[in-house]
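What follows walks through the salt bridges of the structure shown below. Please keep the sequence at hand while reading.

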There are 2 protein chains.
Amino acid sequence: MPIHSLDRDVEERLSDRDVRYTRGRRRVVAALHEADGPMSAAELHGKVGADVPLSSLYRTLAVLEETEVVMPHFGARGITRYELAEWLTGHHHHLVCVDCGTVDDINVPPQHEAAVRVLVEKIAAAAAFSPSAHVLEIEGSCSRCR
Amino acid sequence: MPIHSLDRDVEERLSDRDVRYTRGRRRVVAALHEADGPMSAAELHGKVGADVPLSSLYRTLAVLEETEVVMPHFGARGITRYELAEWLTGHHHHLVCVDCGTVDDINVPPQHEAAVRVLVEKIAAAAAFSPSAHVLEIEGSCSRCR
DNA sequence: GTAAGAATGAGAACTACTATCATTATATAT
DNA sequence: ATATATAATGATAGTAGTTCTCATTCTTAC
């Protein structure tokens, strides 16, 4: 999705919730859009510039999470990373490097995704659990570490 | 796996690594064995008794992680939970309740597990990533919350 | 242009976790 | 069995990531 139509979608969502789409918030959304995986507050601090204080980034992320523009991801010890919500980016999964900890997004072709969904349904059904979503993380060594 | 054979396996592993299998460590292993999902240090503090200080629990968990008796799980904001390693319990996945945050283990029948593995291979292959493991978390509402 | 409300920045406070160190327990050698 | 060396524990101080507070600045509506 190009940045301007993303921006329009986010703008509309925030306006619906009576929340302003300010410069600081735009910067965070843009940084997450350029990233190729979830980012932590500290990583965003490095990317959007150190002039934006960490406390503001945390608050911005909290606001964007409440309005469902971003989603938290808890894949690493002690740190919360954020990525744009799937209604903005499309459904995807993660490749997690067990050596360096980087997380990269991976898009799954529709037929595989459908197969995953069917399996999830079957597995959950056996436990009388009604699944609303699934998270698949593939662990291994990334190309940089291998 | 019954507790005594689990205990024997852990004992052997720790002895191999020249680490003692003490009373405190046994208590943690037993608590994790009885649990039906990963537990945090604070939750263990409640379960094994408040007479075991948190600092000891954190260190015990670190030792058990180094010796690969337990595995960390980062499914919740800011907290690390631990569960017995899969060589002790068998491979399994998680049902995560989006309402209350509880995580329950779920065993997956072999044919479904095989299908998951095949899909993971295919998805990863498309990104030139060689998978060593996978984590599948199924989100939904647990029976208590529904 | 002004008033009301929202967002920001700076820093204090909180929580999960880690490190330190003195004390206690365990294992090995004699 | 006792002494000695090494490991584990408990208490507490310290750290990192995150959240809260509040005074100031910016927006929006009138």
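Buried means a relative accessible area under 20%, exposed means over 50%, and partly exposed lies in between (1.4 Å probe, protein chains only). This is a predicted model, in which local features need pLDDT of at least 70, side-chain atom pairs count only at pLDDT 80 or more, and totals for chains, interfaces and linings use all residues. Residues are numbered from 1 along each chain as its sequence is written, chains are lettered from A and ligands numbered from 1 in the order in which they are written, and side-chain values use heavy atoms, with hydrogens and water left out.

A salt bridge here is a side-chain nitrogen of Lys or Arg within 4 Å of a carboxyl oxygen of Asp or Glu. Over all chains, the structure holds 16 of them.

One of these joins A:Glu43 to A:Arg81, with an N to O distance of 2.9 Å. Because A:Glu43 belongs to helix H3 (residues 41-48) and A:Arg81 to strand S3 (residues 79-84) of chain A, the contact ties together parts 38 residues apart in sequence. Helices (H or I, at least four residues) and strands (E, at least two) are DSSP runs, numbered from the N terminus. A:Arg81 is buried at 11% relative accessibility, whereas A:Glu43 is partly exposed at 30%.

In chain B, the closest N and O atoms of B:Arg26 and B:Glu11 are 3.2 Å apart.

In chain A, a network of salt bridges connects A:Asp7, A:Glu11 and A:Arg26.
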